[in-house]
Amino acid sequence: MTTTPRWLSESYGPGGGGAAEGILRHLDATELDPLTLLVRESAQNSWDARTGDGPVDYRVELRSLSPTEAPIWRDLLLENAPTTEHLELRASLARPVIRVLTVTDTGTKGLGGPTRADVVADGDSDFVSFVRKTGSSQDLDSRGGTYGYGKVVFHLASKPHTVLVHTRCRASGRLETRLIGWAVNESYSTDTVEGPKTFTGRHYWGRVQDGYVEPLVGEEADEVARRLGLRALPEGETGTTVAVIEPGFGERDDAEAMRWIADAIVWNLWPKMLPEGGQPPMRFSITYDGTDVPVPRPSEVPHLRPFLWAHGGMNVLIEHKTRKRPLGRFGVRKFIAPPGKPPRAAQEAGIGGRLHHTCLMRPVDLVVKYLEGPPFFEEHGGYAAVFRADKGMDRTFALSEPASHDNWMVDRLQDLDERRLAKHALKKIADEMKAASGPAAVVNNAGDGVSLAGMSKMMAGLMAGAPGLGGSAVFPATGDTRSPGPASGSPGTDASNTWEAGSNLPDRPVTHGRRGARLRYLDEPFHDTVDGRAVLVQRFELVDIGKQTVRSRLAVALNDALGREGEPPRGAFVPTVLGWRSDTGEIHRSDELSAEGGDGRVWALIVTPAPDTVTEIVMVSERKGGDV
């Protein structure tokens with residue numbers, strides 16, 4: 001049966017109920033920007049709805065309705081719509097240009113289960129939880145969400161607080177499409193044909209029957225969605241689109257807002273962008289009036305890269321030793337601060353020009369917050385850390401989160417034992433950050449102290465090389481991707497084809513010798529201590545089969561204007577090769593390495609840097625009996 005969809009305002013029943021304005025105000029406690037909140041909460045909803053068959057695709061699209069589309073929206077959405085006094089939808093649809101922001105996920109199961117809140121669900125109840133209920137707790141197992149308030153971000157993003165939901169799910173074993181709209185605003189009282197009545201401020205749009213609104217379903221839902229111009233879900237797939245009518249971006253214009261969304265995705269969802277088994281768990285795309293808005297890869301963001309390194313090296317167990325309870329894993333990396341400021345979406349998260357933070361996350365790998373620690377002891381240095389809660393602590397930390405999921409408020413935990421464990425974890429994290437912020441000077445072979453951080457504005461600490469394809473380039477310890485061109489005497493380098501730093505990336509740079517010998521750098525150079533000396537370590541493997549000789553070319557790199565120093569001043573210290581470490585831990589103390597290639601073994605070049613300088617590392621490999 002085809003009916004004209006229309007609005008119905010929800011009135012209070014004899015037993016009362018919750019006013020809609022309470023829902024809108026529930027997220028007011030957070031200091032997050034509304035667009036950041038929209039990204040965090042909607043992506044979390046998408047992740048929680050994943051089917052497990054593959055990655056979740058998450059798409060944000062902003063478009064202005066064409067002159068032929070706008071009248072259709074007015075015809076379909078003004079039928080029995082509340083007056084402007086009680087909802088601003090009529091005013092929004094009367095605008096010359098109507099804008100719609102859609103958030104779509106696929107690789108998800110859609111909003112299935114019963115469509116009525118008074119029906120006991122035998123299985124999924126996603127539709128009721130998303131559309132009907134508010135504030136109900138979710139099953140915490142492998143989910144990011146703990147409350148039913150996250151969906152309110154869609155209404156907060158809309159000037160008239162109005163959204164449409166187009167979803168395809170499985171109902172009774174068959175695919176079913178559903179389309180419904182609803183709005184949330186202030187409660188009110190007004191005269192009706194039945195006399196004065198009070199209303200909750202919730203308004204629903206769809207097929208009205210028996211005093212409430214059911215979604216349009218099946219072919220009817222698909223046809224109305226098509227008329228509205230909503231992007232069709234892939235044939236045979238489940239998923240959900242939420243359309244936000246007339247989004248509000250504050251003082252930002254549309255282009256600025258979409259760039260903010262892109263940055264918010266990277267800074268809040270980067271763990272979901274890291275490859276796992278060849279592809280990331282989530283894939284993100286943004287479109288603005290038909291034009292793609294680039295979403296940077298995390299490894300392309302200088303201020304974010306150190307967190308990727310720390311994430312790939314979470315080898316510190318945070319535990320409560322007396323109770324023998326693991327609390328989480330911790331990783332930290334020190335580095336030379338990247339130049340410039342991070343994007344505003346990162347600054348909103350507390351990331352300023354200097355990094356001295358720990359990224360907190362639960363096992364679901366969604367960023368909770370960046371916890372600020374003590375600044376690094378030298379101006380141009382920094383540290384980034386990641387703490388992932390143990391699965392046994394997931395529920396504890398989840399219960400400590402506010403509705404916006406952007407903090408761990410452990411003092412609010414009711415269970416005394418859980419509160420003590422959570423506070424102990426945060427104390428241990430604070431201890432680790434304090435240790436990371438202090439000096440880490442060790443003695444070099446000349447007896448002088450060598451700091452692992454920067455010593456001046458010109459030569460801000462230690463730098464190490466990482467190659468582009470076919471040659472070498474200088475990279476600071478932050479992984480900043482500036483390429484000065486080929487080092488003297490090295491093979492030719494395409495300076496524009498530089499390596500994207502990040503130990504979690506699947507593709508590794510390979511240097512190609514003139515006779516085919518190849519050497520693959522496995523990750524960024526990092527600081528270490530060997531025999532009480534401050535050293536730089538570069539891990540690599542020999543790609544080609546056969547006996548090979550590996551040599552290093554070390555130099556002191558100056559600033560961009562001065563280039564690299566070929567001959568050191570008389571009596572000056574120079575970087576030297578301490579040795580070559582095999583994957584068994586054995587160190588071969590020689591200037592060059594003779595090894596068999598193509599066997600998958602991992603080697604590491606160990607370099608003793610000159611104090612207070614910038615060290616450039618280049619490695620070349622040659623087959624026995626020939627040059628590279």
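Author: What follows is a set of questions and answers on this predicted model, taking a sheet, a cavity and a single residue in turn.

Reader: Which strands stand at the edges of the open sheet of 5 strands?

Author: The open sheet has the strand order β13-β14-β17-β15-β16, and its pairing is mixed. Each edge strand has a single partner strand, so one side of it is left without a neighbour in the sheet. The strands in that position are β13 (316–320) and β16.

Reader: How many degrees does the twist average from one strand to the next?

Author: The twist is taken from one strand to the next in this sheet, and as an average it comes to 25°.
Strands of a sheet pair through backbone hydrogen bonds, either parallel or antiparallel. In this sheet, β15 (residues 356–361) and β17 (residues 381–389) run parallel and are joined by 6 bridges. The average twist, to return to the value you asked for, is 25°.

Reader: Which element gives the most residues to the lining of the largest cavity?

Author: There are 5 cavities of 30 Å³ or more, and the largest holds about 120 Å³ of space. Of the 14 residues that line this largest cavity, the closest to its centre are Arg40, Gln44, Leu366, Val367 and His405. The elements that give two or more residues to the lining are α2 (34–48), α8 (254–269) and β16 (367–372). The one that gives the most, with 3 residues, is α2.

Reader: How many residues of that lining are charged?

Author: The lining of the largest cavity divides into nonpolar, polar and charged residues, with 5 in the nonpolar group and 5 in the polar group. The number of charged residues is 4.

Reader: Is Asp222 buried, partly exposed or exposed?

Author: Asp222 lies in helix α7 (residues 218–228), and, leaving aside residues up to four places away in sequence, it touches His166 and Thr177. Its relative accessibility is 33%, which falls between the limits of under 20% for buried and over 50% for exposed. Asp222 therefore counts as partly exposed.

Technical notes. Residues are numbered from 1 along each chain as its sequence is written. This is a predicted model: local features need pLDDT of at least 70, side-chain atom pairs count only at pLDDT 80 or more; totals for chains, interfaces and linings use all residues. Side-chain values use heavy atoms; hydrogens and water are left out. Helices (H or I, at least four residues) and strands (E, at least two) are DSSP runs, numbered from the N terminus. Buried means under 20% relative accessible area, exposed over 50%, partly exposed in between (1.4 Å probe, protein chains only). Contact means heavy atoms within 4.5 Å. On a 1 Å grid over the protein atoms alone, a cavity is a set of points where a 1.4 Å probe fits but cannot get out, and a pocket is an open set with protein on both sides within 12 Å along at least five of seven lines; lining residues have an atom within 4 Å of a point. Grid points are joined across faces, edges and corners, and a volume is the space filled by probe spheres set on the points. Ala, Val, Leu, Ile, Met, Phe, Trp, Tyr, Cys and Pro count as nonpolar, Asp, Glu, Lys and Arg as charged, and the others, Gly among them, as polar. Two strands pair if DSSP finds at least two bridges between them. Axes are lines fitted to C-alpha atoms, for helices over the stretch in contact, and angles run from 0 to 180 degrees between N-to-C directions.
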